Protein chains: 2
Amino acid sequence: MMAKSVSEDQLFIGIDGGGTKCRATIYSVKQGVLGTGLGGPANPLHGLERTLESIMVSTQLALRDAGLPLETVHQLYAGLGLAGVNLPSLYDKIMEWDHPFKQMFLTTDLHTACIGAHEGSDGAVIITGTGSCGFSCVNGRTTNFGGHGFALGDKGSGAWMGLEAIKAALLNLDGLGPSTSLTRVITEHFSAENAMGIVEQMSGQPSSSYAKLARYVFDAANNGDAVATAIVQDGADYVSKLAHRLLENKPPRLSMIGGLAEPLNKWLDTEIAKRVEAPIQPPEMGAVYFAQQSVLEQNQEVAL
Amino acid sequence: MMAKSVSEDQLFIGIDGGGTKCRATIYSVKQGVLGTGLGGPANPLHGLERTLESIMVSTQLALRDAGLPLETVHQLYAGLGLAGVNLPSLYDKIMEWDHPFKQMFLTTDLHTACIGAHEGSDGAVIITGTGSCGFSCVNGRTTNFGGHGFALGDKGSGAWMGLEAIKAALLNLDGLGPSTSLTRVITEHFSAENAMGIVEQMSGQPSSSYAKLARYVFDAANNGDAVATAIVQDGADYVSKLAHRLLENKPPRLSMIGGLAEPLNKWLDTEIAKRVEAPIQPPEMGAVYFAQQSVLEQNQEVAL
């Protein structure tokens, strides 16, 4: 019954790719959410093949969850939010993919997160998880700040906090910086006898390995550790600046998303902390709205 | 004639491996330097196979330069100074190499640089080129500080300065930091229209690509640019701290080595700048002395 009724309706799939997971949601305008699926890593900057595979896994799981036959994939209007596709070369590569959908619309994960957070309306988001960045969409104009990736940027993110914590621990082990509860807990974390023990363990590690240390920094800062407080405050000051910059675009709403949104809140400018509102929908629903808006615009263009 | 006379003498080869070049010097106690050779990159952290190949190329070129037949390689006592061999796993891998020398003695590039700078005597060195680190050898006890590699450490190095310059340019392009002569010259260097243009070009680049930007930072700082001055002073303060830490070990001499040694000098603590003396011999001669000392210690052990 369901399969028949949805085939008369337009079917959408919203896909939110991330560094560790890929989430897919199948949505019908008449019936709402029909099913969801969860796949593996889908950050094309870390591997295109794996990203496309994770997209297909999450899609198939969502179809199964919706009780729809796998061939229904050809009827789906897909909205994809993926990291890094603001790089034209990467955008083109993914658009060249021989995808199984009826149509595919691609944008950045920031864009779909923003659309979701404000349920399709204008607004701004700051994402602080492994990385950090700001995005706003106001009167059809999108702007983004930060998000330059680990080491070059992403200040105030989990990876940045982990990196700063390791730097402080290494300075201490060299006798060039103070020993505090933070430097001790980091040194213990690595069971390292000396600086090289830490360097060896972090060699070639991805930003997510650094981000795992962020909780030590917040714990120590919340207990008044001077080194940790300086790191968290420096990161929070950057995030507050990012928020002020976004507010220049006059977004009606501002949300913060990601694992650091909650612990960072009390360290932000009071003015910014007051402005932050909870996201209404998750990024994968933002990707559904993005596909809907894209189909709508396309139909309007045809009508003109 | 020479081949005969040196065969009665002990022959040494000193090898200094680096990220871009490998230098070899053949040395006889009776006759001094017999020949030198220059090979390709020899940083085992960036590839073991290539390092061993560069060592062999520089060895063969040095033998040819000395007018010695290639088989003489089996008579050479080799001293090798290589980056990263303070990591036990890397040290063991290289010692397992089926090398052609009569005997091979391995230590870090820092150690051989220090031995060379002070002509086999005790002393300390600070190396500031692509990376940065400090090393001292006093009464048979070696200590090293810093040298934790790009992004984690290497403050005050060329790569660190390039990274900080790019961060400043990205902050400016996001409207979150000032526009100065430095941020402008960096943005022009990349012919980038926006922040992502710079991020895309630096993606996956090695630390040497960042180090190439260091000259812009010094030029701007010497012209009074506020952002560049803050970067150079921050880096120089770290190097001064490193020097004070090394002087705690009471080395009779302190040298600075590497491309940034000269431009950094005027930014150091006056006390440190006064203490810095020119290196007496290059690192590859340090590697020769290291091999000589190792053979001597070995003979003493046998005699005991």
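How much area is buried between chain B and chain A? In this predicted model, the figure is about 2500 Å².

**View 1. Chain B meets chain A.** On the chain B side, 28 residues make contact, and they meet 28 residues of chain A. Carbon and sulfur atoms give 65% of the area buried between the two chains. Three residues of chain B stand out: B:His148, B:Leu152 and B:Leu176. Together they supply 28% of the area that chain B buries against chain A, more than any other three residues.

**View 2. Polar links across the interface.** Eight residue pairs are in polar contact between chain B and chain A.

**View 3. The side of chain B that touches chain A.** Several elements of chain B each supply at least two residues here. They are H3, strand E8 (141–146), helix H5 (158–173), helix H7 (195–202) and helix H10 (226–247). By residue kind, this side divides into 17 nonpolar, six polar and five charged.

**View 4. B:Gly84 in its loop.** This glycine, B:Gly84, sits between strand E4 (76–82) and helix H3 (88–95) of chain B. Is B:Gly84 buried or exposed? Its relative accessibility is 10%, so B:Gly84 counts as buried; the cut-off for buried is under 20%.

**View 5. Neighbours of B:Gly84.** Leaving aside residues up to four places away in sequence, B:Gly84 touches B:Leu45 and B:Leu90. B:Ile166 lies 82 residues from B:Gly84 along the chain. The C-alpha atoms of these two residues are separated by 27 Å.

Key
Residues numbered from 1 in each chain as written. Chains lettered and ligands numbered in written order. Predicted model: local features only at pLDDT ≥ 70, side-chain atom pairs only at ≥ 80, totals over all residues. Heavy atoms only, no water. Helix = DSSP H or I, 4+ residues; strand = E, 2+ residues; numbered from the N terminus. Buried < 20%, exposed > 50% of the residue type's maximum accessible area, 1.4 Å probe, protein only. Contact = heavy atoms within 4.5 Å. Buried area = accessible area lost by both parts, 1.4 Å probe. Polar contact = N/O pair within 3.5 Å; in protein donor to acceptor, adjacent residues only side chain to side chain. Nonpolar A, V, L, I, M, F, W, Y, C, P; charged D, E, K, R; others polar.
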